[in-house]
Structure formats: structure tokens, C-alpha cells
Amino acid sequence: MDKKTYLNQIHNYFFEKEVSNKDIAGVIEDYSELYDEAIALGFTDEEVVLKLGQPKDIYDAIKDTLHFDRSGSRHKIVAIMPFVATILFFTFGFVLEGWSYAWAFYLLIPVVAILTNVRGKDKIVALTPFISIIGFFLLGFLLEAWHPGWLIFFTVPVTAILLNVNGKERMIGLMPFIVTIIYILVGTYVTFDFYYYGWAMYAIIPLVALIMHYKGLKDLILVISIFLAVAAHLTLYFTLGLLEYAWLPYLLPLVLGVLFGRIKIMMFDELDQKQNKIGLALALFILMTYLAVNFIVQDIWQWSWIILMLIPMIGIYLGTKFKHPVAYMPFISVIVFILLGVFGGYWEFAWIVFLSIPMVAILTESGEKSKIDHQDETSDK
Amino acid sequence: MLNTQFKKGILDLCIMKVVQDEEMYGFEIIEKLSKVLDINENTIYPILRRLTEQKLFETYAKDSPHGAPRKYYKITDRGKKRLETYIVEWDAFTESVNQILKGENHG
């Protein structure tokens with residue numbers, strides 16, 4: 001940990017505790033000086049942090065000298081947003097007859113709450129789902145690009161990777177998204193046949209990972225086997241016309257990868273290996289269902305992507321079960337909203353489902369927070 | 001074992017005394033006291049902050065050889081009066097304790 005990270009952690013902790021900006025600035029200034037002095041005396045970053053204490057310890061030690069901003073402007077701004085959103089919604093609906101997308105103003109409620117309450121990198125990551133939804137609907141309504149407009153949802157994991165992962169792991173983490181974007185865009189705009197043979201390019205993902213973490217002969221064999229599989233795949237498709245057997249060559253690198261212990265299933269953070277396997281299997285099943293449904297039924301790109309919403313919901317279920325029901329709500333709201341809009345044409349009313357997000361949060365999370373606050377108070381005594 | 005509140009009171013007294021003797025910057029006070037007393041470095045900053053909040057200390061910035069100016073602590077008149085009271089109370093307290101330990105005044 002360096003000085004900047006340490007001071008950021010203090011800043012974020014105090015900000016979450018609603019300490020006034022003036023007091024936060026004062027504490028940061030003091031700790032910046034203390035940090036510099038300790039470094040000048042020859043202490044390492046780790047030793048300095050140990051000496052000066054963690055943000056929680058600092059807060060607990062000085063909280064009786066702090067001033068709080070509990071009735072502050074950020075709460076007022078968040079509290080007023082439902083009214084602002086409602087006014088904008090009706091204005092946009094009645095004046096411009098834009099009922100089908102006027103509901104997007106309700107996204108201002110969580111967006112403003114994030115802007116005012118979340119700090120640092122987390123703010124950007126927390127905002128990306130909402131930016132994606134707005135972008136997706138703009139692409140859909142204005143350009144009729146529902147497909148491949150759904151690719152915009154990739155900004156959520158891509159942003160999280162860009163901001164939280166460094167070095168080789170960043171490139172490895174980004175590869176599935178880069179490959180999928182290229183695969184879908186080429187399949188959509190260049191040639192539809194690319195959907196049948198272009199998935200060979202997914203071989204780039206393990207190739208990049210193997211090259212980045214090259215450990216010797218076994219990896220070389222794996223790399224060669226992947227190239228051979230791709231070559232066999234393309235031969236089966238183009239020369240022999242055996243589309244249905246095109247997947248077979250990939251069994252070779254798959255088996256070798258398992259034998260060499262180089263295939264690891266890492267999908268959902270914080271889950272154990274068994275849960276990861278279940279999550280990966282279900283995610284693949286959902287993805288395949290989504291693709292199959294779209295190939296079988298024509299012109300459902302506009303709404304069929306809601307099937308993909310099940311993937312993050314499975315991740316949440318495997319990780320926390322129903323400990324935080326509100327985590328499911330953005331996905332459930334979007335699914336219900338789209339179904340009501342597409343099949344019932346109730347765009348002008350369907351936005352109401354988004355109100356379920358803060359409602360569930362209030363009903364299920366406020367009790368948790370009071371429990372935590374109560375624990376804090378008890379531990380202080 | 002002395003309780004935490006009692007220790008904090010003694011630390012207030014020590015910090016006020018060293019700052020009265022010589023105006024110092026935060027880390028200097030921490031270094032000086034943590035060498036003499038068996039305390040964590042991170043217990044002194046909150047006391048400095050509280051004493052400043054109570055107007056017993058005031059601070060001013062002074063250039064340092066490391067670049068950024070340092071925040072120096074200086075005892076105020078109010079702080080000096082409070083320190084005098086603390087010292088009188090401390091002397092009376094230690095005298096009473098010493099009398100007990102030496103077996104005097106046992107009735």
C-alpha cells in the first residue's frame with residue numbers, strides 16, 4: 001500500500017461515516033504529514049500504515065472530535081430525485097410523447113445516489129450498469145440496434161477489470177470480451193456465416209493466457225494443440241462441410257489442459273471451486289439457450305437478451321443466496337420492465353417496476369444497517 | 001492495570017507538558033512520547049486533535065526540510081491554565097498514592 005491508497009482509504013471511510021468535508025480535509029492533511037515524516041525517518045509503507053493505524057481505528061479514536069454532515073446536501077439531493085425524475089418523466093412523455101424512454105429519468109435516482117455517496121473507482125464501476133442501460137436503449141430506440149447493442153453491457157465487467165486488475169491479468173481478463181465483441185460485430189455486419197466458423201477465434205483466449213504465463217514444454221504442447229484444433233475446425237467447415245463435427249478437434253486441447261492442470265475454472269469471485277463449476281456450467285447453459293433461441297426464433301433480439309440477466313443473478317445466488325435481496329432487483333426490474341413494454345406495450349407504466357429497487361433496499365437493507373450501527377455503538381462502549 | 005480513561009488523562013498531561021516546553025510538529029511529539037511511554041503511535045494523534053478542538057492547543061504551519069510545511073502545535077493560554085490545574089491535581093494524587101504505598105495515613 002502506498003501513501004495515496006492509504007489516504008484514499010481514510011477519505012472513503014470518513015466519507016461513508018458522513019464526516020463533514022472540512023474535518024475530512026483536516027484529517028487527510030494531518031495524516032499526509034505524519035506519513036511523510038515517518039517515511040523520511042526510514043520506515044517502509046507497511047510500517048507506516050501499522051504505526052498510524054487503519055481508517056476504522058483512526059475514526060474510532062477521533063470520532064468525538066468530528067463534525068458530521070448527516071442532514072447534509074447529498075442526502076437532500078438524493079431525496080429530491082424521485083420528484084425531479086417524475087416531473088421529467090411526465091414532461092418528456094406528454095410534451096414529446098416519449099413515453100417509451102421517458103422512464104429512463106428514473107435511473108437518475110440510483111445514479112445520483114451513487115454520484116453522491118460512492119467514492120473513487122467504485123463510483124465508476126457502480127455507474128456503468130446504468131450508463132449501459134441508457135446506452136442500450138438509445139442504441140435500440142434511435143438506431144434499432146438492439147442487437148448487437150446489448151454488447152454495451154460488457155462495459156460493466158470491462159470497466160471493473162480496467163480499474164481493478166493490472167498487468168498481464170488485465171489483458172487475460174479482457175480477452176473474452178474483446179473476442180466476443182469482434183465475433184458478434186463481424187457476424188452481424190460482415191457475414192452471417194461468421195457465426196458458424198468464427199467462434200474459432202475464442203481460441204485466442206487460452207492462447208493469450210498460455211503465452212502470458214508460459215511455463216515450459218507442457219504449455220508449448222497446449223499452444224500447438226490449440227492451433228491444430230483451429231486448423232482442423234476450419235478444414236472440417238470449409239473443405240469437408242462438416243459443420244456439426246467442427247467442435248470435435250477442440251477436445252484435444254481440452255483434455256490436454258485438464259491433464260496438465262492448466263485448465264482452471266475461475267468465474268465468480270469469492271466462490272469456492274465447486275460453486276465456480278456450477279456457476280460456469282449454468283452460465284454456459286444460459287448463453288447457449290440465448291443463442292439457440294435467437295437462431296430459432298427470428299427478430300427477438302430486441303428483448304431476448306433478458307435471458308442473459310440470469311447469469312449475474314446466478315452469481316449473486318451462489319455468492320450470497322438471499323442475504324441481500326436488493327442485489328437481484330435491478331435485473332428483475334429490467335426483465336419485468338422489458339416484458340411489460342414489449343408484450344403489453346405498457347412502456348408508460350412499466351417504469352414503476354424500477355421503484356421496487358429502492359423499496360426492497362429500504363425493506364431489507366435498512367434493518368441490516370441499523371444492526372451494524374448498533375454493533376458499532378455497542379463496541380464503542 | 002490502569003484503565004483506559006485514566007491513561008488518556010495522563011497522556012493529555014504529558015502531551016501538554018512537552019508542547020509547553022517546546023512547540024513541536026505531530027510526528028515529533030509522537031516520536032518523543034512513544035520512546036518514553038509504552039504507547040502506540042496512533043493514540044497520540046487523536047489526543048492532539050482533541051486538545052486542538054478544545055482550544056487548549058493551536059496550530060501553525062512552518063516550512064520543513066522535506067518540502068511540505070509541517071503543522072506545529074503550540075499551547076494556548078487556556079491550555080497553560082488547564083495544564084497548571086492538571087499538574088496540581090496530579091501532584092496531589094501522586095502524593096496521596098505515595099502516602100498509601102509507604103504505609104502512612106492508615107488511620
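How many other C-beta atoms are within 10 Å of Glu18(A)?

Author: Glu18(A) has 16 other C-beta atoms within 10 Å and is therefore partly exposed; a residue is called buried when 20 or more other C-beta atoms, placed from the backbone, lie within 10 Å of its own, exposed when there are 12 or fewer, and partly exposed in between. The model is a predicted one, in which local features need pLDDT of at least 70 and side-chain atom pairs count only at pLDDT 80 or more, while totals for chains, interfaces and linings use all residues. Residues are numbered from 1 along each chain as its sequence is written, and chains are lettered from A and ligands numbered from 1 in the order in which they are written.

Glu18(A) sits in the loop between α1 and α2 of chain A, where helices (H or I, at least four residues) and strands (E, at least two) are DSSP runs numbered from the N terminus. Although Glu18(A) is not a glycine, its phi is positive, at about 65°. Lys55(B) lies in the loop between α3 and β2 of chain B, and with 12 other C-beta atoms within 10 Å it is exposed.

When neighbours within four places in sequence are left aside, the contacts of Ile15(B) include Ile29(B), Leu33(B), Ile47(B) and Leu48(B).

Between the two chains, the contact takes 15 residues from chain A and 14 residues from chain B. On the side of chain B that touches chain A, α2, α3 and β3 each supply at least two residues, and α3(B) gives the most, with five residues. That side divides into four nonpolar, four polar and six charged residues, where Ala, Val, Leu, Ile, Met, Phe, Trp, Tyr, Cys and Pro count as nonpolar, Asp, Glu, Lys and Arg as charged, and the others, Gly among them, as polar. Ala61(A), found in helix α4 of chain A, shows contacts between the chains in detail: apart from its neighbours within four places in sequence, Ala61(A) is in contact with Asn42(B), Thr43(B) and Pro46(B). Ala61(A) is partly exposed, with 19 other C-beta atoms within 10 Å.

The strand β3(B) also belongs to a sheet. This open sheet of three strands in chain B has the order β1-β3-β2 with antiparallel pairing, and two strands are said to pair if DSSP finds at least two bridges between them. The edge strands, each of which pairs on one side only, are β1 (24-25) and β2 (57-64) of chain B. β1(B) pairs with β3(B) over two bridges: Met24(B) stands opposite Tyr73(B), and Tyr25(B) has Tyr72(B) as its bridge partner. β2(B) and β3(B) pair over seven bridges, and in β3(B) the partner of Lys62(B) is Arg70(B).

Chain B has four helices and three strands, which run α-β-α-α-β-β-α from the N terminus on, and 21% of its 107 residues count as buried. Further along chain A, helix α11(A) has a kink of about 35° at Met175(A), shortly before the proline Pro176(A), the bend at a residue being the angle between axes fitted to the seven residues ending there and the seven starting there.

Conventions
Two residues are in contact if their C-beta atoms, placed from the backbone, lie within 7 Å.
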